[in-house]
Amino acid sequence: MKDELKPFIIHIQKNIQLSKKEILLLTTKIKVRNYLKGQYILQQGDPCKYLNFVLSGTTKTYHIDNDGNEHIFRFAIENWWATDLPSFINNNTSNTNIQCLKDTKVAQISLENLDTLFKEISGLEHFFRVLFQKVSITLEKRIINSLSYSAKEKYLLFREEYPEFEQRIPQYMIASYLGISKQYLSEIRNQLIFEK
């Protein structure tokens with residue numbers, strides 16, 4: 001097994017057990033790709049051909065609307081997935097961009113290889129079914145939070161749920177993720193400092 005794929009195998013084995021033979025098969029179906037800061041793993045309008053597991057680095061997933069405005073709705077760091085699932089599963093064009101915020105290395109699995117792996121590794125289909133369910137739950141929770149909470153409450157939830165992002169993601173991107181201006185986020189942060 002390639003050393004660079006160890007984090008991916010460890011991630012899978014937290015949920016299912018793999019034999020040495022299954023690990024070998026799995027690693028033959030995965031492509032490792034390096035991206036530079038600023039490069040796109042996926043661009044809006046292109047089909048999403050791979051499930052992308054972040055081995056190192058940071059990505060943002062966002063949509064550009066008809067007026068040219070950027071709407072960030074996901075970040076990914078090591079041991080997270082960065083994929084447009086509807087595009088990947090349905091093999092159609094993507095509504096999102098996945099861009100690297102720093103040099104990033106990903107493990108990529110094509111749909112064809114994933115289908116092969118499902119047939120050969122008994123627990124893998126269960127692993128991905130649970131993963132996709134978690135993605136669905138997270139997205140629904142995010143929608144409800146964005147509709148129900150004030151900007152300050154959304155920021156506090158963001159800090160609580162993703163403490164590692166605070167130092168790694170620029171503030172203006174966090175503001176975009178929260179759906180507020182960077183000036184308003186700055187006001188909220190200053191207010192919280194004074195409340196301590």
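1. Which helix lies across E3 and E7, and at about what angle to E7 does that helix run? In this predicted model, helix H4 (residues 111–120) lies across both strands and runs at about 65° to E7.

2. The sheet is open and has 3 strands, ordered E1-E7-E3, with antiparallel pairing. Its edges are strand E1 (31–35) and strand E3 (50–56), each of which pairs on one side only. From one strand to the next, the twist averages 30°.

3. Strand E7 (residues 104–110) and E3 are joined in the antiparallel sense over 6 bridges. As background, strands of a sheet pair through backbone hydrogen bonds, either parallel or antiparallel.

4. The largest nonpolar core has 35 residues. Those with the most contacts inside this core are Phe 8, Ile 12, Leu 26, Trp 81, Leu 124 and Phe 128. A second, separate core has 20 residues, including Leu 101, Tyr 155, Tyr 162 and Tyr 177.

5. Leu 26 deserves a look of its own. Apart from neighbours within four places in sequence, Leu 26 is in contact with Phe 8, Ile 9, Ile 12, Leu 18, Leu 117, Ile 121 and Leu 124. Of these partners, Phe 8, Ile 12 and Leu 124 are also among the residues with the most contacts inside the largest core.

6. Is Glu 140 buried or exposed? Glu 140 has a relative accessible area of 52%, and is therefore exposed, the cut-off being over 50%. Glu 140 lies in helix H5 (residues 124–148). Its C-alpha atom is separated by 27 Å from that of Phe 118, 22 residues apart along the chain.

Conventions:
Residues are numbered from 1 along each chain as its sequence is written. This is a predicted model: local features need pLDDT of at least 70, side-chain atom pairs count only at pLDDT 80 or more; totals for chains, interfaces and linings use all residues. Side-chain values use heavy atoms; hydrogens and water are left out. A nonpolar core is a set of buried Ala, Val, Leu, Ile, Met, Phe, Trp, Tyr and Cys residues joined through side-chain atoms within 4.5 Å. Buried means under 20% relative accessible area, exposed over 50%, partly exposed in between (1.4 Å probe, protein chains only). Contact means heavy atoms within 4.5 Å. Helices (H or I, at least four residues) and strands (E, at least two) are DSSP runs, numbered from the N terminus. Two strands pair if DSSP finds at least two bridges between them. Axes are lines fitted to C-alpha atoms, for helices over the stretch in contact, and angles run from 0 to 180 degrees between N-to-C directions.
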